[in-house]
Amino acid sequence: MEKDNKDYIIPYKRYTEIRDADWQLILDLKIKELPVKISEILSVLGIKAYTYKENYRNLVHFELEDVMKSCDAFTLHLNGQYIIFYDESKLPERIRFTLAHELGHIILGSGFKQTQTGMLITTRNSEPSENDSPEETEANMFAARLLAPSCVLHELKLFTAEDIMKYCDITKTAANFRLKRLMLLETRNERFLRERGHGCYYISPLEQKVRQQFDEYINTVLKYRG
Ligand SMILES: [Zn+2]
């Protein structure tokens, strides 16, 4: 395990599985520009997302009122289907991350717990923090890597939280979290270039393909940004 993965408390092997799951999804769904459109991704994957407001009565009926009050969103796994319910009163950029976080739980198959009434749901979803449980950390890692792929941030040199917020359409908290990770990668990249003659990006063929898929977008942004 490399030292700079330690802040996530996730074993290195699991970290690579999450990272690869993001790259694979980006490739499979042919995502090629920022901001990544999370609603479209859910729709393509056949995952329904509903607001708390439009399902308030049903959620109360199923005794999910407390979950609604304490979480930004949760996913219900029912009859083989995943249904996300989310708090529509939050900022749009926060909702985007929230939905990507829930997608992380679904794709990684982690964080589901049974309620007293026998419903299978994910229970906690708020912005990333250092004190999250492993399941929450994993879902946040997935969301961050989907909405803000590091190789694209690297190519566009988005090295401030403001730039990451603007290009990826995420909150400042999420952008700061991503920036911290990106800076570790950039330091490692420079060390790799010095010591090994190649950087730390694009070692995985999956990441190489993601870079190729974003090629036109990256070139266009670089050209017009000057
Ligand atoms: Zn969660």
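**The sheet and the cysteines**

Guide: The open sheet here consists of five strands with mixed pairing, in the order β1-β3-β2-β5-β4. Strands (E, at least two residues) and helices (H or I, at least four) are DSSP runs numbered from the N terminus, and two strands pair if DSSP finds at least two bridges between them. This is a predicted model, in which local features need pLDDT of at least 70 and side-chain atom pairs count only at pLDDT 80 or more, while totals for chains, interfaces and linings use all residues. Residues are numbered from 1 along each chain as its sequence is written, and side-chain values use heavy atoms, leaving out hydrogens and water.

Visitor: How many disulfides does a search of the whole structure find?

Guide: A disulfide is a pair of cysteine sulfur atoms within 2.5 Å. The search finds zero. For cysteine 168, the closest cysteine sulfur is that of cysteine 151, 11 Å away, which is too far for a bond. Cysteine 200 is in no disulfide either, its nearest cysteine sulfur, in cysteine 151, being 11 Å away.

Visitor: Is cysteine 168 buried or exposed?

Guide: Buried means under 20% relative accessible area, exposed over 50%, and partly exposed in between (1.4 Å probe, protein chains only). Cysteine 168 has 0% and is therefore buried; cysteine 200, with 10%, is buried.
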